[in-house]
Amino acid sequence: RSPHNHNHSTPSKLTSWQPRTHPPAMLRYQIFLSYGITFLSIWMGLMSKTPQDESVIYDVVIVYAPIWAILALGIYAATCVLIGLLSFKDVPEAATELEQHVKEAKKEMTKRGIISN
């Protein structure tokens, strides 16, 4: 039997020419750019139309939409940081280990003459 004979009844490994089961996920900057381009396209389309009457919605919301979007993004980022800080777990073992490292570093620095007791 030749080593190049393949038994086609058993499934083979995925090769480069076979389609994947799902596309690769978009990177964070690609998601950000796609949302940004979509938002700016809609905003520019709305800005190109002149309103029939000078309404408050047009003056406050549509004209300043990029500023509102940046403000909302900042609030979202601050909220994410705050939630991360509030859910940060206290690890007493790590604090004890860190104190031990500081003591060892002070001892070594005293031994080398860098600091004095």
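Predicted model: local features only at pLDDT ≥ 70, side-chain atom pairs only at ≥ 80, totals over all residues.
Residues are numbered from 1 along each chain as its sequence is written, and side-chain values use heavy atoms, with hydrogens and water left out.

First, the fold. The chain has four helices and zero strands, in the order α-α-α-α along the sequence. Helices here are DSSP runs of H or I with at least four residues, strands are runs of E with at least two, and numbering starts from the N terminus. Of the 117 residues in the chain, 3% are buried. Buried means under 20% relative accessible area, exposed means over 50%, and partly exposed is in between, with a 1.4 Å probe and protein chains only. The chain exposes about 11,500 Å², and carbon and sulfur atoms supply 67% of that. Areas come from the Shrake-Rupley method with a 1.4 Å probe; for residues, only the protein chains shown count as cover.

Next, the surface. V56, I57, V60, V61, Y64, I67, W68, L71 and I75 make a nonpolar patch of about 920 Å². Two or more residues come from each of α2 (56-62) and α3 (65-86). A patch takes residues with over 30% relative accessible area and no salt bridge, joining like charges within 9 Å and nonpolar side chains (Val, Leu, Ile, Met, Phe, Trp, Tyr) within 5 Å. Back to L71: it counts as partly exposed because its relative accessibility is 46%.

M44 is in helix α1 (residues 28-48). M44 counts as exposed because its relative accessibility is 54%. M44 and V63 are 19 residues apart in sequence and 9.7 Å apart in space, C-alpha to C-alpha.

The largest pocket holds about 530 Å³ of space. It is lined by 14 residues, of which F32, Y35, G36, A69 and L73 are the closest to its centre. Both α1 and α3 give two or more residues to this lining, and α1 gives the most, with nine. By class the lining has 12 nonpolar, one polar and one charged residues. On a 1 Å grid over the protein atoms alone, a pocket is an open set of points where a 1.4 Å probe fits, with protein on both sides within 12 Å along at least five of seven lines; lining residues have an atom within 4 Å of a point.

Last, charges. The structure holds one salt bridge, meaning a side-chain nitrogen of Lys or Arg within 4 Å of a carboxyl oxygen of Asp or Glu. It joins the side chains of R112 and E108 at 2.9 Å, N to O. These two are separated by about one helical turn, because they are four residues apart in helix α4 (residues 92-112). R112 is exposed at 62% relative accessibility, whereas E108 is partly exposed at 32%.

Notes
Points joined across faces, edges and corners; volume = space filled by probe spheres on them. Nonpolar A, V, L, I, M, F, W, Y, C, P; charged D, E, K, R; others polar.
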